[in-house]
Structures are given as structure tokens and as C-alpha cells.
Amino acid sequence: MPRRQEQEPARSEVVEVAPGVLRMELPIALPGLGHVNCYALIDRRGAAVVDPGLPGPSTWRAFQDRLRRAGLAPKDVHTVLVTHSHPDHFGGAGRIAKESGARVVAHRAFTFGLPVPAPEVSVEDLAADSDADREREREAPPPPRVADGRTPWGGERPRPPWLTRMKWMLMRRLGAALVPTITHPVEHGDVLELAEREWFVVHTPGHTGDHFCLHDPESGVMLSGDHVLPSITPHISGISSSKDPLATFFYSLDRVAEIRGVKQVLPAHGHPFEDLRKRAEAIKRHHHERLEKLVSLGRELGPSPVRAFSEHLFAPRNWGAMADSETYAHLEHLRIAGRAERQIARDGTHVYTLG
Ligand SMILES: [Zn+2]
Ligand SMILES: [Zn+2]
């Protein structure tokens, strides 16, 4: 499979992608991703930056370099916006706020449960990785966090390799210190003055509960975060505050697709694109295909636990807790739609009957 645009390594050039909006690519090395787009919105006072990347010195160096290329320094940043509570989006925020005194804007539902539970992209999209990425991927992210060490659908959590466990232990220790203080919580419909014009907060739960996009009706620009990406689909976890995370995500896709006059979409990973409605529909279609595949699998397999569905839906190299979590989200969506039945065995294992 060819490399997707979201996997391209970060380039150092800074490009004005919309009036007063600069795209700065910061390096990240996460399964399925090679960079995060940090956007700088320029005004008379300096700049607001959206999604300033992972914590750590390499991001900070790249961030300073990109600002310098735009004739700016960290002290010029008066606002940091965080589209959602994933470390590749909020990680740089604390340091910037410390250096410049910038206010930090996030949705009021912003929360960061440790350890970081989910990968950024759909487990299926991980299949598009290069060999080097594949190596990283073998050190899969840790399984979803469940209090008693079991998943909500029953069955033990598989243990990730020791190196991953070490890394996440370290992250957990450092984690609390890296989560920025949100000085300016926002909610759906709020208006922010950025790049000398007004932007609307569009709450788009799904990928995370606190995800928001920013829409400027004047120039037709939408900052879409991870909600709508150009060629991959974001991870939708089965472990969520929503009973039906997939339905929540669909609702949020419709919410942005309905907005008229969007001419330019600026995603957090990958290149800018134009047709928001078409891309939102393609993402929905992808999930509907997965749902139909599960229904036909259900006919073949008969009553089965989540793991059995997951191991038929995904290639063996993607098996594991994350694949199970995505499968669980899809199975629950079918159940709530009345297309699947669920029995819970005495040991907690969920058994689904479909078709
Ligand atoms: Zn994300
Ligand atoms: Zn992301």
C-alpha cells in the first residue's frame, strides 16, 4: 500500500494556506502518522497556534524553527488552541504557555485520562505503514484502560511488550506535568477572534468527546483537527463516555458536512483539501461497509465474542486490544440499531448474534 499523506515526515517550509493562516508541520512518530499540522493564525498582536504537537525537545526545536521562518518567536504567541485531548495536539501547549504567557483554549470537556489509551488512526489504516512504522507498530499502544484489568466486552487485557510498558509508565509519570492548564474553556457556538476575524467553535465529539473544529464563515475555512482527515479515518474507540461512539461520530460528521460555504479544510494531519462534505460522506461510507461486513461475518460465525469478530475483520498483524475496541464500537452500534443481540456470559464475555 502506498504511503498516505498523513504519514509523510514533517517538512520545514511554512506555507500560507488561507489568508493569515500558516501551516507548520511538526514531527511526530506515532503509528500511522508522520507529522502534525500546527496552524498559526496571524494578527496584529502576534499569533494564535492550533495543535502545537507532542511534548519534548524535538517538537520545541521544530516549533521555534517554523515560527522563525514566519518572522515570529514563541513570545509572539498569545493563544494556543487544542482541538482535542490527544498528546500530539496538546503536548506542546504547556511549554508555549510558560514561555509566552499565552492563554490555552480547549473544549470544556477536555480531559486527559492516563495512561493514553488509544492510537490516533483507525487500526485498519495502520496497515498502510512503511516497514519502519511496522516495527513501531509491533510495540502496540497499551490496551484501553479498564479498572479491573478487563475490557468492557469481557476477556483479559492482553499485555503489551515490555518496552511499550516502560514507555507508557514513563509517560504516566511525566504525563500529569505535560497536560496544559486550560485557561479558556469553550463550547459549541462560541466565537473566537483569530487572524483578525471571527471563528466559530463547532463541537464534534466522536474521535474524542472534547473534539472541536473551528469555522470561519467569512473565508470559508474549516480547521478540522482529527475529525475529518484527508485519507485516513480517525480511531473510534469502543471505550468512551458515549454509549454509541460511532453514532456520535456520524452525528458530528453530519454536523460539519451541513455547514455551507466551506471552501478549504485544514486537517491536523495531511494536506489541505476542499470538499468537506464529500470526505465526510466517504468516511461514513467506510464505516457502513465495516458494519455490513460484520453482519455477514455474524451469519458465518454464529454467536461469537468480540475477539472472534475482530480477528476476522482485521489482518493478523493488526490484532489486539485496539482492533477489539474498534470492533466493539461497531458491534454496539449494530446492537443499539436493533441489528445485533448481545448475551453477557457469567465471566463477563459479551457474545453477539448478528444477521
Ligand atoms: Zn487524535
Ligand atoms: Zn492527531
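This is a predicted model: local features need pLDDT of at least 70, side-chain atom pairs count only at pLDDT 80 or more; totals for chains, interfaces and linings use all residues.
Colleague: Why is S219 called buried?

Modeller: The relative accessible area of S219 is 18%. Buried means under 20%, so S219 is classed as buried.

Colleague: Where is S219 found, and which residues does S219 touch?

Modeller: S219 is found in the loop between β10 (212–216) and β11. Not counting residues up to four places away in sequence, S219 touches R197 and K263. The C-alpha atoms of S219 and Q264 are separated by 8.5 Å, and these residues are 45 residues apart along the chain.

Colleague: What makes the pairing of S219 with R197 a polar contact?

Modeller: The side chains of S219 and R197 make this contact at 3.5 Å, and the cut-off is within 3.5 Å.

Colleague: How do you know that β11 and β12 pair?

Modeller: Four bridges join strand β11 (residues 221–225) to β12, and the two run parallel. Together with helix α6 (residues 245–257), β11 and β12 make a right-handed β-α-β unit.

Colleague: What makes both faces of strand β12 covered?

Modeller: In a regular strand the side chains alternate between the two faces of the sheet. In β12 (residues 264–267), Q264 and L266 lie on one side, V265 and P267 lie on the other, and all are buried.

Colleague: Why is the pairing of R95 with E99 called a salt bridge?

Modeller: Side chains of opposite charge can pair when their charged atoms come close. The N to O value for R95 and E99 is 3.1 Å, and the limit is within 4 Å, so the pair is called a salt bridge. Both residues lie in helix α3 (residues 93–100), four residues apart, about one turn of the helix. R95 counts as partly exposed at 39% relative accessibility, and E99 is partly exposed at 43%.

Colleague: What does the salt bridge between D324 and R307 tie together?

Modeller: The side chains of D324 and R307 meet at 2.6 Å, N to O. D324 lies in helix α9 (residues 321–336) and R307 in helix α8 (residues 306–313), so the pair ties together parts that are 17 residues apart in sequence. D324 is buried, with a relative accessible area of 3%, whereas R307 is partly exposed at 34%.

Colleague: How many salt bridges does a search of the whole structure find?

Modeller: The search finds 15 salt bridges.

Colleague: Which residues touch the most other members of the largest nonpolar core?

Modeller: L294 and L354 do, among the 33 residues of that core. The helix α7 (276–301) gives the most to this core, with seven residues. Leaving aside neighbours within four places in sequence, the residues in contact with L354 include L294, V295, F309 and L331. A second, separate core has 30 residues, including V36, C38, V77 and F112.

Terms used: Residues are numbered from 1 along each chain as its sequence is written. Chains are lettered from A and ligands numbered from 1 in the order in which they are written. Side-chain values use heavy atoms; hydrogens and water are left out. Buried means under 20% relative accessible area, exposed over 50%, partly exposed in between (1.4 Å probe, protein chains only). Two strands pair if DSSP finds at least two bridges between them. A crossover is right-handed if, with the strands pointing away from the viewer, the path from the first strand over the helix to the second runs clockwise. A nonpolar core is a set of buried Ala, Val, Leu, Ile, Met, Phe, Trp, Tyr and Cys residues joined through side-chain atoms within 4.5 Å. Contact means heavy atoms within 4.5 Å. A polar contact is a pair of N or O atoms within 3.5 Å; within protein, one must be able to donate a hydrogen and the other to accept it, and residues adjacent in sequence count only if both atoms are side-chain atoms.
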